[in-house]
Amino acid sequence: MTSVSAHQDLSALYAEVQQFYAMQMQRLDNRELEAYANTFTEDGEFRHTPGQEPARTRAGIVADLYEFHKKFDDDPMRRRHWFNMVNLEPRDDGSIRSTVYALIVKIRPGAKPEIAPSCVVHDVLVRDNGTLLTRSRWVHYD
Amino acid sequence: MTSVSAHQDLSALYAEVQQFYAMQMQRLDNRELEAYANTFTEDGEFRHTPGQEPARTRAGIVADLYEFHKKFDDDPMRRRHWFNMVNLEPRDDGSIRSTVYALIVKIRPGAKPEIAPSCVVHDVLVRDNGTLLTRSRWVHYD
Amino acid sequence: MTSVSAHQDLSALYAEVQQFYAMQMQRLDNRELEAYANTFTEDGEFRHTPGQEPARTRAGIVADLYEFHKKFDDDPMRRRHWFNMVNLEPRDDGSIRSTVYALIVKIRPGAKPEIAPSCVVHDVLVRDNGTLLTRSRWVHYD
């Protein structure tokens, strides 16, 4: 039987991760790309497109995201990342494995939202001076 | 570095806000309009339609919602409000700024759910005698 | 006014239930049917299809799910269950009533995700030796 304090620690962590994801992904959707990259560790890894090498380091993630967003330059589209069904597994080394369902909502003026693709996000989260950061993110497309 | 108790306070608040939103929006979806209005402060403000003046006070919100729902009178539609990516920012005056993604799921007999519109909800939440209430809600359509 | 510790207890429970649902439904979506059934009590009850008798006991749920999934045998479809707007009501007997919105995301190769149906899940959750389990689940289709 798990102790009450272990329950409360996990519960505190769970809410903290949800708040972290909301803040992190609202930054991305607002195209605050540097601020999004700062939610990764300095040596963070972000693989958002299958078959491509992951972007590495904050500077690398920023560069990669500017490149990635170029294709939206002439597209009056808004994106909203929906994360849900957050499944956390704390690991012995203090990091946290997080397996999350994601849907991307794309909105263009005068059109109904398009909800695609459906993904599963595989994160490793770490705590650095009390703050949660993403050490690695692998996005798998369904 | 944030203290453990600050983490736990924020975590407790985070879960409480999610529970509040689930209860609040299930009331609206069940068309318990008075009960929904009671989740606002007495002087609460609710702007659900861009370009329209917000409804003000609980009585004003109830009246406004009855008016708003008239257009559904002959429409066998169910609505389900999905709130997600709750981003909380406690403020110095004790209120909480909450920025939330919302999708409205509309279900009609024999048809697939229509998921539209996509919105961002900007709330200010306050605590009154221990209970969370919405002091103001501004809904922005994507 | 609710005491701080009552708030924290409810908050801890709220996060715990969300983690439970994420783990539970990822099992179902991964077709780990025995593992899914183990998230119910031994005498658990699962009514997933209106008008049908509920499956009862873990063994009964497993058998029922194998039967249910047969229709997907030739269908290269992935399912993702999205639970949200979790509304918890602890009851005097220690069980928890949970009313949850659910959408099922269906993904087939080369096609956009289909998001249907929309459901409301009515659960009774219990704690057994510290672990949350579903005692009964009734799924209502919108």
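When I say one copy is laid on another, I mean a least-squares superposition on the C-alpha atoms of residues with pLDDT of at least 70 in both. Keep that in mind, because what you see here is a predicted model.

Let's start with the symmetry. Two copies of a chain are related by a rotation about an axis and a shift along it. The turn is 120°, the shift along the axis is 0.0 Å, and the RMSD is 0.0 Å.

Next, the interfaces. Chain C puts 25 residues in contact with 27 residues of chain B. Together they bury about 2,200 Å², and carbon and sulfur atoms give 58% of that. Look for C:Met85, C:Tyr101 and C:Asp142. Those three supply 29% of the area that chain C buries against chain B, more than any other three residues.

Now chain B against chain A. The contact takes 25 residues from chain B and 28 from chain A. About 2,200 Å² is buried here, with 57% from carbon and sulfur atoms. On the chain B side, B:Met85, B:Tyr101 and B:Asp142 lose the most area to chain A. Together they make up 29% of what that side buries.

On to the fold, with chain C in view. There is an open sheet of six strands. Read across it and the order is 2-1-6-5-4-3, with mixed pairing. Which strands sit at the edges? They are strand 2, residues 55-56, and strand 3, residues 78-90, and each pairs on one side only.

Strands of a sheet pair through backbone hydrogen bonds, either parallel or antiparallel. In chain C, strand 1 (residues 40-47) runs parallel to strand 6 (residues 131-141), and four bridges join them. One pair to find on screen: C:Phe46 has C:Arg137 of strand 6 as its bridge partner.

Switch to chain B. Strand 1 (residues 40-47) and strand 6 (residues 131-141) of chain B are parallel, joined by four bridges. B:Phe46 is bridged to B:Arg137 in strand 6. Strand 1 of chain B also pairs with strand 2 (residues 55-56), this time in the antiparallel sense, over two bridges. There, B:Glu45 stands opposite B:Arg56.

Back to chain C for a helix. Helix 3, residues 58-69, lies across strands 1, 2, 3 and 6 of chain C. Its angle to strand 1 is about 35°.

Follow the chain from helix 3 towards strand 3. C:Phe72 is in the loop between them. Is C:Phe72 buried or exposed? C:Phe72 counts as buried, because its relative accessibility is 9% and the cut-off is under 20%. Setting aside neighbours within four places in sequence, C:Phe72 is in contact with C:Arg31, C:Met77 and C:Arg79.

Note on methods:
Residues are numbered from 1 along each chain as its sequence is written. Chains are lettered from A and ligands numbered from 1 in the order in which they are written. This is a predicted model: local features need pLDDT of at least 70, side-chain atom pairs count only at pLDDT 80 or more; totals for chains, interfaces and linings use all residues. Side-chain values use heavy atoms; hydrogens and water are left out. Two strands pair if DSSP finds at least two bridges between them. Contact means heavy atoms within 4.5 Å. Axes are lines fitted to C-alpha atoms, for helices over the stretch in contact, and angles run from 0 to 180 degrees between N-to-C directions. Buried area is the accessible area (1.4 Å probe) that two parts lose on being put together, summed over both. Buried means under 20% relative accessible area, exposed over 50%, partly exposed in between (1.4 Å probe, protein chains only).
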